Amino acid sequence: MSATVKIGPVTLDAPLVTAPMAGFTDRIFRRLAREAGAALTYTEMISAQGLIYQSKATWALLDLKDEPGPVAVQLFGREPEILARATKMAVAAGAALVDLNMGCPTPKIVKNGEGAALMRDLPLAADIVAAMVEAAGPVPVTVKMRKGWDEDSVNVVEVARAVVEAGAKAVAVHGRTRSQFYSGRADWDCIRRVKEAVPVPVIGNGDVRTPADALAMLEQTGCDAVMVGRAAVGNPWLLSAIRAALEGKELPPPPDLAERMAMAIRHLNMMVEAKGEKTAVKEMRKVLACYIKGLPGAARLRQHLFTLDTAGEVIGALEAYTRDYYQKKVRAPHAH
Ligand SMILES: Cc1cc2nc3c(=O)[nH]c(=O)nc-3n(C[C@H](O)[C@H](O)[C@H](O)COP(=O)(O)O)c2cc1C
């Protein structure tokens with residue numbers, strides 16, 4: 001049943017994308033996600049202002065060389081002019097799509113009128129999108145939004161209509177309000193309402209954790225593609241399993257421990273290569289915590305990994321855990 005999805009002139013080879021996640025969806029994450037079956041990946045959110053002011057750290061986020069598949073560059077900001085200039089930079093860097101962040105709930109972002117705060121200023125949101133569309137030329141502009149600011153101001157349908165009117169070629173909808181941050185259950189029904197209201201592809205997002213969730217979201221909302229966020233961190237096998245389900249194929253068996261650890265080590269090595277050992281080891285701590293989630297003794301192993309400073313030590317610890325696991329020496333989390 002897997003279909004292609006067309007966003008303007010861009011064709012996705014399956015209705016499966018990974019979410020933008022600051023601190024996680026760097027180019028190594030994107031490479032592994034693509035390998036596992038994601039048809040489109042997103043960068044972390046990138047400050048339009050930071051690009052204009054030539055911030056080195058911001059520019060590093062826009063490095064799209066050697067990407068194995070289409071990448072959406074996600075920008076945040078609030079000034080149409082600045083976003084238009086940043087859009088041109090994203091296009092020059094090789095963005096397949098340029099996405100506007102209208103969902104970030106973080107106080108330091110929304111207090112500047114950026115991220116989810118844009119959902120409270122529709123005329124400005126429409127101006128921004130129109131400016132980005134003009135700057136992007138043939139590259140489609142898309143918008144990622146939430147259900148609304150809070151339960152008293154659920155306006156996602158209105159927002160979606162306004163940005164599509166302004167030229168957006170697809171919208172991604174996270175079914176939570178800004179006030180919810182990441183808690184509670186995502187409301188998929190608002191995704192369905194958006195799908196019924198706009199003529200462009202709608203990407204559904206929120207709480208897809210299994211292949212069954214992905215199929216259910218497509219069916220219940222009529223959305224054109226599913227976007228997977230947290231559940232894909234440290235778990236590329238989830239993407240392969242969803243992809244198989246979308247294609248009506250048999251699900252691949254879940255990875256055994258050796259496979260999980262081999263992937264975690266490969267991910268670490270790729271990070272060391274891309275970012276240098278010090279940064280890689282630090283950034284990988286939270287990712288490794290996801291790779292080992294649910295394993296016996298995971299909490300203890302995680303605490304230990306967080307004390308280590310070199311890639312060699314981390315790999316040593318993962319290998320030692322693997323040996324102990326197969327020799328049945330790993331104790332259950334509360335065994336001591
Ligand atoms: C650590 C973290 C960072 C995130 N960063 C971004 C971001 O940069 N841009 C964005 O639009 N959403 C961001 N999100 C939201 C996700 O894209 C997604 O909408 C949300 O996690 C719900 O999807 P999920 O239930 O599949 O995780 C972030 C979420 C998390 C947990």
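Start at Leu62, which sits in the loop between helix 3 (56–61) and strand 6 (71–76). The model is predicted. Is Leu62 buried or exposed? Leu62 counts as buried, because its relative accessibility is 3% and the cut-off for buried is under 20%. Now look for Val200. Along the sequence, Leu62 and Val200 are 138 residues apart. In space, their C-alpha atoms are 26 Å apart.

Next, step back to Gln54. Gln54 lies in the loop between helix 2 (48–52) and helix 3. Its phi is positive, at about 60°, although Gln54 is not a glycine. Gln54 is exposed, because its relative accessible area is 55% and exposed means over 50%.

Phe181 also deserves a look. Find Phe181 in the loop between strand 9 (170–177) and helix 8 (189–197). Phe181 is a residue other than glycine, and its phi is positive, near 50°. How accessible is Phe181? Phe181 counts as partly exposed, at 31% relative accessibility.

Now turn to helix 14. This helix covers residues 311–326, 16 residues in total. From its first C-alpha to its last, helix 14 reaches 23 Å. That is close to the 22 Å expected at 1.5 Å a residue. Which residues of helix 14 are buried? They are Ala311, Val314, Ile315, Ala317, Leu318, Tyr321 and Thr322. Look down the axis of helix 14 to see how they are arranged. The buried residues fall within an arc of 160°, so they line one face of the helix.

How many residues surround the ligand? There are 17, and the closest are Pro20, Gln74, Asn205, Asp207 and Arg230. Sort this shell by class and you find 8 nonpolar, 6 polar and 3 charged residues.

Some contacts can be traced atom by atom. Take Gln74: one of its polar side-chain atoms lies 2.7 Å from a nitrogen atom of the ligand. Arg230 uses its side chain too, with a polar atom 2.7 Å from an oxygen atom of the ligand. With Gly229, the backbone takes part. A polar backbone atom of Gly229 is 2.8 Å from an oxygen atom of the ligand. How much of the ligand does the protein cover? On its own, the ligand has 610 Å² of accessible area, and the protein covers 89% of that.

How values were computed:
Residues are numbered from 1 along each chain as its sequence is written. This is a predicted model: local features need pLDDT of at least 70, side-chain atom pairs count only at pLDDT 80 or more; totals for chains, interfaces and linings use all residues. Side-chain values use heavy atoms; hydrogens and water are left out. A residue is near a molecule or strand if one of its heavy atoms lies within 4 Å of it. A polar contact is a pair of N or O atoms within 3.5 Å; within protein, one must be able to donate a hydrogen and the other to accept it, and residues adjacent in sequence count only if both atoms are side-chain atoms. Accessible areas come from the Shrake-Rupley method with a 1.4 Å probe; for residues, only the protein chains shown count as cover. Ala, Val, Leu, Ile, Met, Phe, Trp, Tyr, Cys and Pro count as nonpolar, Asp, Glu, Lys and Arg as charged, and the others, Gly among them, as polar. Helices (H or I, at least four residues) and strands (E, at least two) are DSSP runs, numbered from the N terminus. The expected span of a helix is 1.5 Å times one less than its number of residues. Buried means under 20% relative accessible area, exposed over 50%, partly exposed in between (1.4 Å probe, protein chains only). The arc is that of the directions from the helix axis to the C-beta atoms.
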